[in-house]
Amino acid sequence: MGYNSEFRRSIDNREDFWSEQAKHISWIREPEIIWRPIENGHGEWFADGMLNTCDVALDANIRAGRGDQKALIYDSPVTNSQQSFTYNELRDQVALFAGALQAKGIEKGDRVIIYMPMIPQAAIAMLACARLGAIHSVVFGGFAAHELAVRIEDATPKAVITASCGIEINRVIEYKPLVDKAIEQSRHKPECCVVYARPQAKATLQAGRDYDWDTLMAEATPADPVPVRSTDPLYILYTSGTTGKPKGVVRDNGGHAVALNYSMKLVYDAKPGDVYWAASDVGWVVGHSYIVYAPLFAGCTTILYEGKPVKTPDAGAFWRVIQDHKVNILFTAPTAFRAVRKEDPEADQLQRYDVSSLKRIFLAGERLDPPTYEWLKEHTGLPILDHWWQTETGWAICCNPVGIEMMNTKPGSATVPSPGYNVQVVDSQGNQVAPGEQGQIAVKLPLPPGCLTTVWEDDGRFWNSYLAPIPDFYSSGDGGYVDEDGYVFIMGRTDDVINVAGHRLSTGEMEEVVASHPAIAECCVVGVHDNLKGQIPVGLVLIKDGATIDQDELEEELVEMVRDKIGAIACFRRAIVVDRLPKTRSGKILRRIIRQIADGEEYSVPSTIDDPAILEEISEKLTG
Ligand code: COA
Ligand code: AMP
């Protein structure tokens with residue numbers, strides 16, 4: 001069956017379509033209710049099904065005879081080490097750690113925060129939570145203590161799992177002091193904290209609260225998978241919204257397993273035994289979906305890479321990993337290849353390695369810019385496939401459906417809607433715009449399985465952020481257009497979310513930090529174009545009357561504050577002092593115009609602007 005008929009069936013005959021896909025995973029009780037509406041197009045998938053996600057990922061593969069196949073390969077250039085686990089070995093480690101958590105009182109429905117570097121224990125901890133039906137919430141290791149505290153307070157976890165340190169290029173980052181500081185800042189106090197000791201740093205354990213991972217494992221007995229309802233939450237993953245408070249995206253168990261398993265065929269054409277590498281971090285949705293869960297659901301070998309595309313040790317790092325582990329499918333963010341290209345423009349490093357195992361390269365996380373696409377295509381000769389998705393959806397909304405029909409690629413396009421996603425480009429009333437015309441990219445409800453079910457403990461925010469803005473649609477927050485052939489082009493966010501080196505960040509959150517400086521009267525932060533990272537934040541600040549502070553000193557202090565509150569990954573390095581900010585007469589800051597000025601784009605001066613002369617001044621400061 002070709003793409004068009006599969007897509008049509010997924011929309012016109014939704015329940016039959018997903019009921020068939022559900023047959024490809026292992027259930028404890030197969031669902032009879034495929035879709036149960038809740039209200040206004042929102043509902044629950046596989047409502048009466050029972051399963052265990054860890055069982056689907058590990059035990060089911062062992063039952064299918066893959067126990068001795070490699071499930072996970074850890075490759076760490078920063079520690080110069082490698083380790084692999086068969087499905088049997090990974091299941092045993094996960095079952096034992098689940099037993100250790102159980103002994104500490106963790107049960108179905110409890111929340112567990114995982115704040116870990118890219119080591120196998122991060123995946124083991126996630127799968128162990130899933131085995132118990134506990135809800136994990138992984139926090140990216142690059143986030144500062146304050147960000148961790150915000151998440152601890154919102155998710156109210158019973159336990160936090162961490163490691164003694166993470167390793168960045170030539171730098172060891174001690175995690176335990178950050179965890180201690182976060183727990184101190186949070187009004188909610190977890191009962192226990194499990195620390196995996198790495199040789200590069202020693203963590204101080206607090207008696208009665210903190211436990212050493214290895215000691216708990218030595219005392220534990222393995223735990224069996226706990227049956228959960230399809231609709232029970234598997235995890236919460238916080239993502240940046242337009243306000244300072246991140247949104248806790250909630251993912252269910254059943255819809256997630258079915259959709260991700262389907263995506264491995266549809267999007268990646270992956271088969272059991274394939275070596276699949278998503279070069280991302282478990283702290284992001286790419287890591288959840290395509291380092292940990294989906295490759296295991298599909299019986300592949302997944303790679304967990306603790307390193308960078310460059311400088312660990314050089315721009316040949318990715319090609320080396322592909323050669324060493326015979327990687328078949330690679331998925332990363334365009335920024336990673338922009339970094340490689342910058343250091344190795346002629347791809348000389350590629351000649352040093354045998355990458356003949358590689359079949360396709362997938363990119364997502366930000367727009368795949370045509371120069372990076374062309375560079376990759378020219379030097380590898382492989383299909384280079386862009387696909388578009390978000391933390392909220394968990395899998396590709398648009399892709400080149402290679403598992404059912406390879407379509408021609410168009411540079412700059414994420415190709416076509418994945419089956420299950422009725423993607424439309426609409427105006428703010430939900431009216432479809434003509435082909436080629438830009439609008440908001442929205443998905444007609446219902447969403448397919450695997451997408452967010454709500455925002456943690458905040459159904460109101462879920463409705464207001466995603467379903468209320470455009471009636472009958474899921475509002476993606478991205479703008480773009482569909483061409484005459486039905487190809488979807490994503491042009492960027494329509495809100496205050498920016499994308500820095502594939503990391504999704506909120507300018508609103510940075511504004512809150514900057515505004516808290518005692519000398520700042522008002523500020524705004526916008527994302528401006530950056531050749532390597534896609535976007536970087538730039539702050540425009542107004543100093544309070546009477547405040548006397550040197551502008552360089554102020555910039556240094558603001559940069560430090562953002563690093564301290566959000567993290568170094570925000571890459572906030574520029575704060576420009578201005579006399580006034582461009583606003584509408586009603587007082588709204590014209591952020592889009594500021595960004596357009598910074599990027600050297602054409603812009604039209606809105607009739608509602610308070611004082612057009614400000615734009616000249618801003619332009620001089622930004623580009624001067
Ligand atoms: N823990 C602690 N700090 C971290 C971190 C982590 N897990 N990840 C990044 N940081 C820090 C870095 O050390 C750096 O700190 P510095 O300002 O003190 O030097 C800062 O955050 C910025 O890091 P990074 O974004 O990695 O920038 P870089 O200039 O060091 O490297 C790239 C540039 C393009 C190589 C890098 O951003 C990259 O590999 N990007 C791919 C991103 C990706 O896979 N995203 C996932 C979405 S699919
Ligand atoms: P995240 O939730 O961190 O995965 O970020 C999702 C956002 O990244 C999307 O809303 C887009 O703005 C952007 N994005 C992800 N993939 C693509 C892509 N292939 N093309 C364009 N933008 C993308």
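**Two ligand sites in a predicted model**

Good morning. Around ligand 1 there are 23 residues, of which Glu168, Arg171, Lys308, Lys533 and Arg563 come nearest. Please keep in mind that this is a predicted model.

Let me begin with the polar contacts of ligand 1. The side chain of Arg171 places an N or O atom 2.6 Å from an oxygen atom of the ligand. Lys533 has a polar side-chain atom 2.9 Å from an oxygen atom of ligand 1, while Ile569 brings a backbone N or O atom to 3.3 Å from an oxygen atom of this ligand. On its own, ligand 1 has 950 Å² of accessible area, and the protein covers 81% of it.

Among secondary-structure elements, β10 (171–174) and α12 (334–343) each provide at least two shell residues. By class, the shell holds 11 nonpolar, 6 polar and 6 charged residues.

I turn now to ligand 2.

The side chain of Gln390 has an N or O atom 3.0 Å from an oxygen atom of the ligand, and a polar backbone atom of Glu366 is 3.5 Å from a nitrogen atom of ligand 2. Of the 500 Å² of accessible area that ligand 2 has on its own, the protein covers 93%.

Thank you.

Note on methods: Residues are numbered from 1 along each chain as its sequence is written. Chains are lettered from A and ligands numbered from 1 in the order in which they are written. This is a predicted model: local features need pLDDT of at least 70, side-chain atom pairs count only at pLDDT 80 or more; totals for chains, interfaces and linings use all residues. Side-chain values use heavy atoms; hydrogens and water are left out. A polar contact is a pair of N or O atoms within 3.5 Å; within protein, one must be able to donate a hydrogen and the other to accept it, and residues adjacent in sequence count only if both atoms are side-chain atoms. Accessible areas come from the Shrake-Rupley method with a 1.4 Å probe; for residues, only the protein chains shown count as cover. A residue is near a molecule or strand if one of its heavy atoms lies within 4 Å of it. Helices (H or I, at least four residues) and strands (E, at least two) are DSSP runs, numbered from the N terminus. Ala, Val, Leu, Ile, Met, Phe, Trp, Tyr, Cys and Pro count as nonpolar, Asp, Glu, Lys and Arg as charged, and the others, Gly among them, as polar.
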